[in-house]
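Reader: Could you walk me through this protein model, one question at a time?

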Amino acid sequence: MIKGLRPLLRRSTYTGALFAYGAVLASLPLLSFALLPALAWRSASEGVQIGVALLIWAALIGLVGLARTTRRVLVASARRLLRVSLPEPVAVRAPSVGPSGDGTAPAPPSRADRWRTPLWLLLHVTLGWTGALASGVLLFVGLTLPGGWLEAELGLHLFGRSVRVDGGWQSWAVALGCLLLAAAVCALVTKALRWSAPRLLGPSAAERLALAAERELRLAERNRLAHELHDSIGHTLTTTTIQAAVAGEVLSADPVAARAALRSIEESARAALEDLDYVLGVLRERDAETAPARTLADLPELLDRLRHTGAVVELELSGDLAQVQGTLSRAAYRILQEGLTNAMRHGAGGPVEVRVAAAPDALELGVVNETATGSGAGAGPGPGRRGAFPTSGHGLPGLAERVRLLHGEFDAGPDGPRRWRLAVRLPVRLSA
C-alpha cells in the first residue's frame, strides 16, 4: 500500500500538476476570444454555439503552438516542472548557399514535425482543464463534507440505489477518499504529460540527425585541437630539450652558439605559448585574441630553430607553393613539424631531408632521416641527446588521421637499411 502511495507523495507529481493547471490560466484569454463569435451566432442552438467555441478555441491554441518561441518555453518548463530530459530545440540545416557562407541554411520542418508542438499544447490544455475540474470538485467535497461544514451533504445515485452521506464517520471517510482521488488525478495528469512530452516536444528524426552531426563536429574539433596541441607542444619540448643540451655543452667553449641556442629556445617557447593560448581559448568556447595560423610560409623559421640544435636539415622545394593556401597549408606545416619532431627524437644524428613539392593537383611532403639500427623511427638518439625521449605513441596515428581527413595518402616506415621515411600526398583541390 505504501508503495502505491509513493507517486502521490512525490514533489514532482504536484509540480507537474501545477504545470498542467497553468495551461488553464494561459488558455483563458483565448477562450474569451473564441466565445465572442460563437455567442454572436444567435440563431444557432446552445450545443452548436459550444461546439463552435471549442473549435475556435482549439484553432487558436494550435496557432500559438506553431510559434518557435512556444516550443522553447514548453521544453524549458517541462524540464523544470515535469522532470523530463529534453534537449534544446536545434535548427535543422539543409545543404544550400546560406547568407552565412557556410554552405548550409535552415531547413523548413516537415509537416508532421510542424504539428507536433500544437498537438502537445492541445493535449496539455485538455489535461489541464480535465484535471483542474476533477481535482477541484474532489478537493471542494473533501474539505467541506466532514462534520457537515457549510451544511454540505453528499448523495450518490447508482443503478437505481441512493446513498446519502450527511455526517458522522462516513463523511470523514468519504472526505479522505476524495482527497486521495484528487491527489491521484494530479499524479495521472503528470504521468500523461511526462509520457507525451518526449514524444511530441522531444527532437524529431531530423533534429536527432542534426544533434548527432553537431556532436560529430564537436568531436572532430576536439580531435583537431588535440593534434594541434600534440604537434606544437611535442615539437617545442623536443627542440628546447636538445637546444638546452647543446647550450650547456658549448657554453664555455662557444658562448655565441650558446646564446643562439637560448634565443631559439625563447622563440620556440613563445610560439608554443601562442598555440596553447589558442587551443585553451577554443576549449573555453571563446575566440582567442590571436589565433596562430602556421602555414608553409613559416617553414623556414621552423627549420632554423632545428639547425640551432646542431641538426643538419636539407630542404628541397619544387612547384608553386603560393597555390597552397588555407587549411591545406596549415595542415602541411603541422605534418612536417611532427615529421621533424620524430626525426629529432628518434634519428641517429645524420642529415634530415625535407621535401615539399607542389603540383597542380597534389601537394607532396616528405621527411627522411637516418636511424641507428634501421629498425624504425625509435631506433636511436638524435643530435645533442644523451638518451631516448619518452613518447606517447600518438604521433604517427595522429598524422595518419589528419591525412585521412584531408583525403590524402600516408606512408611511414623504413626506407633502406638505416633510413626512415615519411611520405604524404594531399589533394590540392581541398585547400579552399
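Author: Residues are numbered from 1 along each chain as its sequence is written, and side-chain values use heavy atoms, with hydrogens and water left out. This is a predicted model, where local features need pLDDT of at least 70, side-chain atom pairs count only at pLDDT 80 or more, and totals for chains, interfaces and linings use all residues.

Reader: In what order do the 5 strands of the open sheet lie?

Author: Helices (H or I, at least four residues) and strands (E, at least two) are DSSP runs, numbered from the N terminus. Two strands pair if DSSP finds at least two bridges between them. The pairing in this open sheet is mixed, and the order of its 5 strands is E5-E6-E7-E9-E8.

Reader: Which are the edge strands?

Author: Look for strands that pair on one side only. These are strand E5 (313-319) and strand E8 (409-414).

Reader: Which residue is the bridge partner of Leu315 in E6?

Author: E5 and strand E6 (residues 352-358) run parallel and are joined by 7 bridges. In E6, Leu315 has as its bridge partner Val354.

Reader: Which residue in E9 does Phe410 stand opposite?

Author: E8 and E9 run antiparallel, joined by 6 bridges. They form a hairpin with 4 residues between them, and Gly416 in the turn has a positive phi of about 95 degrees. In E9, the residue opposite Phe410 is Val424.

Reader: At what angle does helix H11 run to E7?

Author: Axes are lines fitted to C-alpha atoms, for helices over the stretch in contact, and angles run from 0 to 180 degrees between N-to-C directions. Helix H11 (residues 326-346) lies across E6, strand E7 (362-370) and strand E9 (419-427). Its angle to E7 is about 10 degrees.

Reader: Are H10 and H11 roughly parallel or roughly antiparallel to each other?

Author: The axes of H10 and H11 come within 11 Å and cross at roughly 10 degrees. Angles under 35 degrees count as roughly parallel, over 145 as roughly antiparallel, 65 to 115 as roughly perpendicular and the rest as oblique. H10 and H11 are therefore roughly parallel.

Reader: Which residues of H11 make the contact with H10?

Author: Contact means heavy atoms within 4.5 Å. H10 brings Leu299, Leu302, Leu303, Arg305 and Leu306 to this contact. From H11 come Tyr333, Leu336, Gln337, Leu340 and Met344.

Reader: Which element gives the largest share of its lining?

Author: Lining residues have an atom within 4 Å of a point. The second largest cavity is lined by 10 residues, with Gly339, Asn342, Asn369, Trp420 and Leu422 nearest its centre. H11, E7 and E9 each give two or more residues to this lining. The largest share, 4 residues, comes from H11.

Reader: Where is His407 found?

Author: His407 has a phi near 60 degrees, a positive value in a residue other than glycine. Its place is the loop between helix H12 (395-405) and E8.

How values were computed. 1 Å grid on protein atoms, 1.4 Å probe; cavity = no way out; pocket = protein on both sides within 12 Å on 5 of 7 lines; lining within 4 Å.
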